[in-house]
Amino acid sequence: MAEGNVEENLAVNRERPADGEVDDRRPAVLVVGAGPAGLAAARALKARGLAYDQVERLDGVGGIWDIDAPGTPMYETAHFNSSKTQSGFHGFPMGEDLPDYPSHRQVLAYLRDFADAYGLTERIELGASVEELVKDDDGTWIVQLSGGRRRRYDGVLCCSGTQWVPSMPDLPGSFDGEVMHSLDYRNMDQLRGRRVLVLGGGNSACDIVVDASRVAQRAVISMRRGYWFIPKHVLGVPVDVFAAKGPHLPARLQQAVFGTILKVLYGTPERWGLPKPDHRLFETHPVLNSHLYLALQHGDVTPKPGIARIDGSTVSFTDGTSDDFDLIIAATGFKHAVPYAQRYFGNEQHPELYLTGFSREHEGLFGVSFTETNTAAYGHFDALAQMIASHLWDKSHRPPRYAEFRRLIRSDYPDLSGGLRFDGSPRHRGYVDATALSRYRERIFRRMGWRMLAMPGARAATRSTGDRGLSAVRGGKKVSA
């Protein structure tokens with residue numbers, strides 16, 4: 001049951017103000033984006049009867065999962081890197097008819113089903129881009145939208161995602177061929193018959209070089225450092241399901257046990273010509289790929305270390321070898337930039353946000369798409385959205401609790417490492433362990449008296465095969481409505 005009267009508290013349509021005027025939408029808050037994080041945020045707000053607007057710059061729901069959307073990093077062979085079992089939203093699991101690791105089109109369909117099931121779709125203003133966010137002297141937020149429109153809100157939930165602004169490496173030299181970021185890769189037609197060099201060791205790099213191995217004249221992957229590669233299935237079940245069903249062990253013991261399993265079943269990365277990892281398992285973002293090792297074993301992909309220099313079409317590597325290429329694809333990640341509000345979020349690699357979602361310095365500013373962790377993201381987006389919505393509900397219904405949590409936002413710095421020593425690279429600044437985050441979040445839910453409100457409808461109920469609530473992929477208790 002919702003906390004408050006939904007119909008009375010929903011943001012209402014108002015007449016458009018004259019040019020130059022500010023449309024005062026208070027007490028509404030604004031949700032920016034209609035991808036996974038934005039949809040989770042909208043559902044949490046609506047479940048509590050809180051007034052909100054939602055804008056999306058694209059022409060449809062789904063964010064990066066819509067391969068036809070301009071600027072998306074999606075490519076034809078992309079699949080979920082977490083299993084359907086662990087990846088659904090609270091109260092709305094992915095369908096049993098889906099494969100263990102759904103394709104991007106299946107994920108997009110799931111997101112749009114979710115939006116329709118909870119009546120979110122009709123509330124989304126499509127084709128509306130946020131150009132600038134400005135904090136006014138009274139603490140409210142002025143939002144500059146495309147078309148010259150300006151609106152005032154009590155708060156803004158930035159759910160615009162983290163995979164839109166590419167991070168490009170500085171190449172040592174001048175290359176005569178084509179250089180692109182993985183953001184611009186779509187399908188194997190871009191690789192066919194070419195000599196392809198892929199830079200990076202993450203999930204996209206592995207997927208793309210495996211694609212190249214099937215159609216390119218030559219497929220090479222260059223990694224400056226070593227990584228651990230985890231297969232998508234272990235003993236016939238999805239690896240995150242395998243991990244969730246096992247006992248929760250201390251971090252060091254987990255690393256030792258699972259590392260041994262990987263070595264016994266698949267060998268070490270250096271066995272297949274890849275650099276030896278310079279860190280322990282789980283200390284960098286997991287790379288889930290079952291095809292790279294096979295391509296290396298078959299000789300379809302050639303591993304190389306980092307680049308020493310580039311001269312024309314010739315790329316020389318740090319091991320003293322060289323080769324000629326037509327195409328270099330930099331699968332080197334993204335910046336967690338918020339172009340319309342960067343001055344309020346600070347570091348564009350990892351904003352400083354309490355529990356990955358609450359601005360410490362700017363009241364009324366939130367983020368629901370910046371959680372970097374070692375398990376499926378949707379459950380964390382969902383739980384964080386529920387926290388934010390509960391906090392906003394407290395503002396008008398339980399002011400002392402609202403003030404109490406504001407004090408936590410400013411002063412509480414919990415250890416969310418879970419005993420892991422995360423790598424010091426830019427990507428891992430602000431990285432958190434999923435179990436540690438989930439457990440601490442559950443403590444906050446209990447302390448503040450918050451609940452998960454999924455607002456289940458008939459369609460959601462028929463899909464549900466069980467409520468995982470706030471359970472972490474690798475353990476944790478459930479907190480639910």
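The model is predicted, so to speak of local features a pLDDT of at least 70 is needed, side-chain atom pairs count only at pLDDT 80 or more, and totals for chains, interfaces and linings use all residues. Residues are numbered from 1 along each chain as its sequence is written, and side-chain values use heavy atoms, with hydrogens and water left out.

**Stop one: the nonpolar cores**

Select Leu157 and show what surrounds it: leaving aside neighbours within four places in sequence, Leu157 is in contact with Val29, Leu30, Val31, Val32, Ala41, Leu45, Phe366, Ile388 and Leu392. A nonpolar core is a set of buried Ala, Val, Leu, Ile, Met, Phe, Trp, Tyr and Cys residues joined through side-chain atoms within 4.5 Å, where buried means under 20% relative accessible area, exposed means over 50%, and partly exposed lies in between (1.4 Å probe, protein chains only). The largest such core has 92 residues, and those with the most contacts inside it are Leu157, Leu292, Phe405 and Ile444. Select helix 10 (residues 378-397) next, since this helix gives the most to the core, with nine residues; helices (H or I, at least four residues) and strands (E, at least two) are DSSP runs, numbered from the N terminus. A second, separate core of 22 residues includes Leu30, Trp141, Leu145 and Phe370. In soluble globular proteins, nonpolar side chains tend to be buried together.

Now show the strands in the order 11-22-12-13-18, which form an open sheet with parallel pairing; two strands pair if DSSP finds at least two bridges between them. Strand 11 (178-181) and strand 18 (302-304) stand at the edges with a single partner strand each, so one side of each is left without a neighbour in the sheet. From one strand to the next, the twist averages 20 degrees. Look at strand 13 (residues 218-222), which runs parallel to strand 18 and is joined to that strand by three bridges, and then select Ile221, whose bridge partner in strand 18 is Pro303. Helix 5 (residues 203-215) lies across strand 12 (195-199), strand 13 and strand 22 (327-330), and runs at about 160 degrees to strand 13. Such angles run from 0 to 180 degrees between N-to-C directions, with axes that are lines fitted to C-alpha atoms, for helices over the stretch in contact.

Strand 5 and strand 6 (residues 141-145) pair in the antiparallel sense over five bridges, and selecting Val130 shows Leu145 of strand 6 opposite. In the loop between strand 1 (23-24) and strand 2 (29-32) is Pro27, which a cis peptide bond joins to Arg26, with omega at about 10 degrees.

**Stop four: aromatic rings**

The structure holds 22 aromatic pairs, counted when rings of Phe, Tyr and Trp (its six-membered ring) have centres within 6.5 Å, with planes under 30 degrees apart called stacked, over 60 edge-to-face and the rest tilted. Select Trp272 and Tyr293, a tilted pair at 6.3 Å centre to centre with 45 degrees between the planes. Trp272 lies in the loop between helix 7 (251-266) and strand 17 (287-288) and Tyr293 in helix 8 (residues 292-297), so this pair ties together parts that are 21 residues apart in sequence. Move on to Tyr354 and Phe405, whose ring centres are 5.8 Å apart with planes at 55 degrees, so this pair is tilted. Tyr354 belongs to strand 24 (residues 353-354) and Phe405 to helix 11 (residues 399-411), 51 residues apart. Tyr354 is buried at 0% relative accessibility, and Phe405 is buried with a relative accessible area of 0%.

Conventions. Contact means heavy atoms within 4.5 Å.
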